[in-house]
Amino acid sequence: PTVIHAARAIDGRGNVIANAEIIVQGGRITKVGARGTLPAGARVIDLGSRTVMPGLIDGHSHLTWYFNRQGRYHTRGDGDTPIQSILAAAANGAATLMAGFTTIQSPGSPEDKDLREWIETQGLPGPRIVTSLNALNRGSPDTLRMLVRQRKAEGADLIKLFASASIRDGGSQSLTDEQIAAVCSEARAQGLRVLVHAHSDESVKATVNGGCTEVTHGVFVDQAALDLMASRSTYFQPQCSLIFTNYLDNRAKYDGIGNYNAEGFAAMEKAIPIAADVIKRALVTKGLKLTYGTDAVAGAHGRNAEDMVCRVQKSGETPMHVITSATSVTAESMGLGSKIGSLVAG
């Protein structure tokens with residue numbers, strides 16, 4: 001057995017344990033509590049005045065997004081080879097792990113499948129990866145149902161669906177209610193969760209009414225949409241600032257590519273106070289479960305904790321609440337609550 005001693009432990013469920021002792025045996029935690037009699041033959045790791053907590057979870061991170069050697073956002077046709085691109089993604093994974101995030105959920109990259117396997121089995125340093133592979137954003141209801149089944153066959157852990165336009169394009173609903181419901185009902189039949197990109201009230205309400213698992217973004221939601229998510233036990237994954245400030249910090253590296261233009265950057269700058277206010281309102285919406293996901297893209301990997309700081313400083317969330325959001329609550333939303341996100345026996 002390995003015994004870890006620390007001044008305190010945060011268990012990921014809102015509790016703090018002073019003079020903490022964590023016993024690990026056979027790859028599983030067998031005890032978390034106050035210090036007691038050491039088990040026979042124990043190896044002791046004494047962390048002194050430090051605090052131990054569960055590995056953080058970023059429920060929305062794009063490891064395959066990176067800046068190329070010309071200092072620009074990587075796009076197809078910029079000259080980088082597939083090997084160079086996967087090396088960049090591996091570097092992003094290592095940076096994320098060293099920032100304290102031991103699990104990420106990636107909504108939308110086929111390359112994640114190899115990254116996931118090499119981290120699990122080949123010693124590549126990086127976080128545990130849960131991936132949707134390619135996202136879904138168009139097609140008839142029957143086509144979308146077929147694509148859900150196809151993603152499962154390809155090895156996806158979840159489905160990512162775009163139900164609204166980007167915030168840079170106004171964020172209005174981009175699929176019909178029938179299309180959204182088709183994806184979410186087929187995913188449930190296949191045992192898969194659905195993470196839905198939705199900004200507007202209408203797209204969020206269609207997502208919830210369609211039986212989807214989780215809304216990500218929701219910058220323009222009203223109180224009725226927040227209440228609806230709470231009433232249907234739909235998880236809400238808002239972003240506080242990193243997704244916007246990272247783009248603005250790296251404007252020259254994105255500018256002129258797709259909708260990264262003057263109007264798009266203006267929309268993102270305008271969204272910063274709105275996003276913090278949405279979280280403030282979500283926090284006081286009874287029964288609404290807030291998960292943690294930054295939408296980390298090129299330039300943001302390794303900065304994943306900045307939204308935790310923003311949620312405390314700009315939205316009034318307590319530090320313990322946001323820690324719990326980024327550990328046990330996000331683990332629960334991913335169907336991994338019995339494996340990660342908490343320091344508890346088992």
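Visitor: What makes C212 count as buried?

Guide: In this predicted model, C212 has a relative accessibility of 6%, and because buried means under 20% relative accessible area, C212 counts as buried.

Visitor: Why is C212 said to form a disulfide with C184?

Guide: The sulfur atoms of C184 and C212 are 1.9 Å apart, and since a disulfide is taken as a pair of cysteine sulfur atoms within 2.5 Å, the pair qualifies as a disulfide.

Visitor: Why is the disulfide of C184 and C212 called right-handed?

Guide: The torsion about the S-S bond of C184 and C212 is about 90°, and the disulfide is therefore right-handed. This pair links distant parts of the chain, with C184 in helix α4 (residues 177-189) and C212 in the loop between α5 (201-209) and β11 (214-217), 28 residues apart.

Visitor: How many disulfides does the rule give, and how are the cysteines paired?

Guide: The count comes to 2 disulfides, and when the bonded cysteines of the protein chain are numbered in sequence order, the pairing is 1-2, 3-4. One of them joins C240 to C310, with an S to S distance of 2.0 Å, which lies within the 2.5 Å cut-off.

Visitor: What makes the disulfide of C240 and C310 left-handed, and which parts does the pair tie together?

Guide: About the S-S bond of C240 and C310 the torsion is about -65°, so this disulfide is left-handed. C240 lies in the loop between β12 (235-237) and α7 (242-249), while C310 lies in helix α10 (residues 306-313), so the pair ties together parts that are 70 residues apart in sequence. C240 is buried at a relative accessible area of 0%, and C310 is buried at 7%, because buried means under 20%.

Visitor: How do you know that the length of helix α1 agrees with its number of residues?

Guide: Helix α1 (residues 82-98) has 17 residues, which at 1.5 Å a residue should span 24 Å, and because its end C-alpha atoms are 25 Å apart, the two values agree.

Visitor: Which residues of α1 are buried, and what do they pack against?

Guide: The buried residues of α1 are S85, A88, A89, A90, N92, G93 and T96, and the buried residues of this helix pack against β7 (101-106) and α2 (112-121). After α1 comes G100, whose phi is positive, near 100°.

Visitor: What is the order of the strands in the open sheet, and which are the edge strands?

Guide: The open sheet is formed by 3 strands in the order β6-β7-β8, with parallel pairing. Its edge strands are β6 (56-58) and β8 (128-131), because each pairs on one side only. Neighbouring strands of this sheet are turned by 15° against each other on average, direction ignored.

Visitor: Why are β6 and β7 called paired?

Guide: They are joined by 3 bridges and run parallel, and because pairing requires at least two bridges, β6 and β7 count as paired. L56 has F101 in β7 as its bridge partner. On this sheet packs α2, touching β7 and β8, and the direction of α2 makes about 150° with that of β8.

Visitor: What makes β2 and β3 a paired hairpin?

Guide: Strand β2 (residues 16-25) and strand β3 (residues 28-34) pair in the antiparallel sense over 6 bridges, where at least two are needed. The two strands form a hairpin with 2 residues between them, and G26 in the turn has a positive phi of about 60°. The bridge partner of E21 in β3 is G33.

Visitor: Is T2 buried or exposed?

Guide: T2, which is found in strand β1 (residues 2-10), is buried, because its relative accessible area of 18% is under 20%. Its side chain makes a polar contact with the side chain of R43 at 3.5 Å, and among the residues that T2 touches are I22, V24 and I45.

Visitor: How do you know that S333 is buried, and which backbone oxygen does its side chain reach?

Guide: S333, in helix α11 (residues 319-333), counts as buried because its relative accessibility is 2%. The side chain of S333 reaches the backbone oxygen of T330 at 2.7 Å, and the residues touched by S333 include R193, E214 and Y235.

Conventions: Residues numbered from 1 in each chain as written. Predicted model: local features only at pLDDT ≥ 70, side-chain atom pairs only at ≥ 80, totals over all residues. Heavy atoms only, no water. Helix = DSSP H or I, 4+ residues; strand = E, 2+ residues; numbered from the N terminus. Expected span 1.5 Å × (residues − 1). Buried < 20%, exposed > 50% of the residue type's maximum accessible area, 1.4 Å probe, protein only. Contact = heavy atoms within 4.5 Å. Axes fitted to C-alpha atoms, helices over the stretch in contact; angles between N-to-C directions. Polar contact = N/O pair within 3.5 Å; in protein donor to acceptor, adjacent residues only side chain to side chain. Lists of a residue's contacts leave out its neighbours within four places in sequence.
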